[in-house]
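Welcome, and please take a moment to look over the model shown here. The notes after it walk through a few topics one by one.

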Amino acid sequence: MPRRAREYPEEGEFVVATVKRVHNYGAFLELDEYPGKEGFMHISEVASTWVKNIRDYLREGQKVVAKVIRVDPRKGHIDLSLRRVTQQQRKAKLQEYKRAQKAENLLKMAAEKLGKDFETAWREVWVPLEEEWGEVYAAFEDAAKEGIDVLKGHVPDEWLPVLKEIIDNYVEVPTVTIDAEFEITVPKPNGIEIIKEALIRARDRANKEKDIEVKFTYQGAPRYRIDITAPDYYKAEEVLEDIAEEILRVIKQAGGEATLLRKEKRIRKVKKRKK
């Protein structure tokens, strides 16, 4: 079970918790990421509507995503809320928790290869990476994209070769793909050739950038589809803007017209191939 480097959660943080004891006035929950720590959820924080029977919402052994609303490390008190967690926040936290589980499993593999126990791995690798990246799997993703040297200086050098092997084989790097369509017309005898040349130039210029892939597809005159795959949405948008400006400039100079019709985004994960 993944645990955080901090001893206590922070106010406003979302945590995964397991319901341990349910009473008429509230419930006590064990914080999965903070071993040995319990939080209390008053019945008024269970739902946004009046709660007649708390057991209609919470039961022993149930896992929930809760929001930390108060922390008093001196007294060891942690107050939690269920009603202040939106569906989107719950989904995001569960995704983060699953990423932490993946990172823990990978680190256990690395520790086994080095003949170390997990407590040593947690202290030497998990803690410094979490402190620097916020989450360990994010550090592994950066190592997959940029190379293992991004971890150098944060973890002992003896870990780097085995972490590289594991990251190369198991870490998936998220990418974002934006779909857009252009409507392009050039009222000249060689209009098609001008359009093709504009698209090829825009595509080739964008593909020179690291981790960027651009594809054009003919949809039927006068529409052309573009797919831009990038490490994140903002980079994909930036590339789309540059391509659109280039296409509009070339087509306008040729006496034609070009319009960006729509754009969408979708996220996919690409498993890093072993080198």
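**A charged pair to start with**

E96 is partly exposed, with a relative accessible area of 30% (buried means under 20% relative accessible area, exposed over 50%, partly exposed in between, with a 1.4 Å probe and protein chains only). This is a predicted model, in which local features need pLDDT of at least 70 and side-chain atom pairs count only at pLDDT 80 or more, while totals for chains, interfaces and linings use all residues. Residues are numbered from 1 along each chain as its sequence is written, and side-chain values use heavy atoms, leaving out hydrogens and water.

**Salt bridges**

- E96 pairs with K93 in a salt bridge of 3.0 Å, N to O (a side-chain nitrogen of Lys or Arg within 4 Å of a carboxyl oxygen of Asp or Glu).
- Both E96 and K93 sit in helix α1, three residues apart, about one turn of the helix; helices (H or I, at least four residues) and strands (E, at least two) are DSSP runs, numbered from the N terminus.
- K93 counts as buried because its relative accessible area is 3%.
- E181 and R223 also form a salt bridge, with their closest N and O atoms 3.3 Å apart.
- That pair links distant parts of the chain, with E181 in strand β6 (residues 172-185) and R223 in strand β8 (residues 223-230), 42 residues apart.
- E181 is buried at 8% relative accessibility, whereas R223 is partly exposed at 37%.
- Salt bridges with shared partners join R4, R6, E10, E13, E33, K93, E96 and E130 into one network.
- In total, the structure holds 33 salt bridges.
- One of them brings together the side chains of R84 and E45, at 2.7 Å, N to O.
- R84 lies in the loop between β5 (77-81) and α1, and E45 in the loop between β3 (38-42) and β4 (63-72), so the pair ties together parts that are 39 residues apart in sequence.

**Domains and their meeting place**

- The chain is divided into domain 1 (13-84), domain 2 (88-170) and domain 3 (176-261), with bounds that come from an automatic or database domain assignment.
- The centres of domain 1 and domain 2, taken over C-alpha atoms, are separated by 29 Å.
- Seven residues from domain 1 and six residues from domain 2 take part in the contact (heavy atoms within 4.5 Å).
- About 590 Å² is buried between domain 1 and domain 2, and carbon and sulfur atoms give 67% of that area; buried area is the accessible area (1.4 Å probe) that two parts lose on being put together, summed over both.
- On the domain 1 side, F14, V16 and V65 lose the most area to domain 2, together 68% of what that side buries.
- How many salt bridges cross the interface of domain 1 and domain 2? The rule finds one salt bridge there.

**Nonpolar cores**

- The largest nonpolar core has 30 residues, and those with the most contacts inside it are F140, L151, W159, L163 and I167 (a core is a set of buried Ala, Val, Leu, Ile, Met, Phe, Trp, Tyr and Cys residues joined through side-chain atoms within 4.5 Å).
- Helices α1 (87-114), α2 (118-133), α3 (136-146) and α4 (160-170) each supply at least two residues of this core.
- Helix α2 gives the most to this core, with seven residues.
- Another core, of 27 residues, lies apart from it, and includes A180, I212, A244 and A258.
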